Amino acid sequence: MLLEIKDLEVEVEGKKILNGVNLQINEGETHVLLGPNGAGKSTLFMTILGFPNYKVTKGTILYKGQDITSLETHERIKLGLGVTFQNPPAIRGVKLKDLLKIEDTNKEYKNDEELDEEVVKLGERLKLNENFLERDVNLGFSGGEVKRSELLQLMAQQPDFIMFDEPDSGVDIENVELISKEIVSLLDQKNQKSSKGGLLITHLGYILRFVDATHAHILIDGKITRTGKPEEVMDDIRTSGFKEV
Ligand SMILES: Nc1ncnc2c1ncn2[C@@H]1O[C@H](COP(=O)(O)OP(=O)(O)OP(=O)(O)O)[C@@H](O)[C@H]1O
Ligand SMILES: [Mg+2]
């Protein structure tokens with residue numbers, strides 16, 4: 001098992017947001033997290049990553065069998081967790097290229113020039129050219145460029161368990177296909193014995209035509225209220241709405 005969340009309760013700024021979340025994700029699985037605005041989806045991601053404002057008042061988070069509930073964020077990232085943020089901050093003075101070079105986990109035995117070449121090649125896969133990589137992280141990036149830049153960082157990092165927070169929102173139709181291809185590759189979905197796992201938040205569902213999800217969950221008011229096959233759960237939401245489902 002990659003990730004196991006047991007009876008998780010979380011407070012943000014003294015307000016209870018998650019009310020007993022249980023979730024298990026195995027190697028080779030990709031789960032979709034659905035739910036209305038404000039349900040607590042992003043809060044769950046931030047808590048799994050261990051951001052300081054997200055206070056766990058009950059429950060545990062296990063990653064590959066290890067209790068990570070009280071680890072620092074950087075320690076969790078080192079263990080192999082990765083994320084694309086819904087609204088990442090701009091980082092003035094830090095070039096995207098330099099960040100990618102730091103994040104690259106495939107850099108052993110490479111000199112700076114080779115590493116440079118490698119990140120430029122990764123960028124080209126997402127139609128982000130070398131000039132683009134010279135820009136400050138997220139500063140003035142368009143909505144769709146932010147999403148691709150987030151994904152590019154994961155491609156450098158190659159984590160084992162990956163959370164995608166609305167990677168498709170604001171992305172044009174052609175680029176949804178492009179980013180989906182990279183998500184499939186990051187999760188090693190073409191491999192029957194993939195050791196990767198993922199959790200993906202989406203509102204649109206269109207991305208699921210390209211990314212193979214194995215499970216879907218609906219989160220409402222900080223609790224998972226339904227789990228099922230992605231197509232069935234999505235269909236039910238479309239016909240009856242979140243609350244009914
Ligand atoms: N720092 C904070 N201070 C106060 N409230 C917060 C804070 N962070 C999150 N919340 C609240 O927690 C609730 C859950 O927010 P969250 O971002 O997890 O929702 P979400 O399910 O990701 O929604 P969306 O689909 O709109 O992205 C919201 O009501 C939000 O306003
Ligand atoms: Mg959110």
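In the protein chain, 69% of the contacts with a separation of 6 or more are between residues 24 or more positions apart; two residues are in contact if their C-beta atoms, placed from the backbone, lie within 7 Å. Before going further, note that this is a predicted model, in which local features need pLDDT of at least 70 and side-chain atom pairs count only at pLDDT 80 or more, while totals for chains, interfaces and linings use all residues. Residues are numbered from 1 along each chain as its sequence is written, and chains are lettered from A and ligands numbered from 1 in the order in which they are written.

Let us start with the overall form. The C-alpha trace of the protein chain spans about 55 × 40 × 40 Å along its principal axes. Its radius of gyration is 18 Å, which agrees with the value near 18 Å for a compact globule of 245 residues; the radius is taken over C-alpha atoms, and the globule rule is 2.2 Å times the number of residues to the power 0.38. Buried residues make up 39% of the 245. A residue is buried if 20 or more other C-beta atoms lie within 10 Å of its own, exposed if 12 or fewer, and partly exposed in between.

The protein chain has eight helices and 12 strands, which are DSSP runs (helices H or I, at least four residues; strands E, at least two) numbered from the N terminus. Six of the strands form an open sheet of mixed pairing, in the order β6-β9-β10-β3-β11-β12; two strands pair if DSSP finds at least two bridges between them. At the edges, β6 (81-84) and β12 (223-228) each pair on one side only. Ignoring direction, neighbouring strands are turned by 20 degrees against each other on average. Within the sheet, β3 (residues 30-34) and β11 (residues 215-220) run parallel and are joined by four bridges, with L33 opposite H217 in β11.

Now look at the helices on this sheet. α1 touches β3, β6, β9, β10 and β11, and its direction makes about 150 degrees with that of β9. Such angles run from 0 to 180 degrees between N-to-C directions, and the axes are lines fitted to C-alpha atoms, for helices over the stretch in contact. Eight of the nine residues of α1 are buried, among them K41, T43 and L44. Helix α6 (residues 143-157) lies across β6 and β9, running at about 160 degrees to β6.

Which element gives the most to the shell around ligand 1? With three residues, α1 does. Of the 14 residues around ligand 1, N37, G38, K41, S42 and T43 come nearest; a residue is near a molecule if its C-beta atom, placed from the backbone, lies within 6 Å of it. The shell divides into three nonpolar, eight polar and three charged residues. Here Ala, Val, Leu, Ile, Met, Phe, Trp, Tyr, Cys and Pro count as nonpolar, Asp, Glu, Lys and Arg as charged, and the others, Gly among them, as polar.

G198 is found in strand β10 and counts as buried because it has 29 C-beta neighbours inside 10 Å. Most residues other than glycine have a negative phi. D188, in the loop between α7 (173-186) and β10, has a positive phi near 55 degrees. D221 lies in the loop between β11 and β12, and its phi is near 45 degrees, also a positive value.
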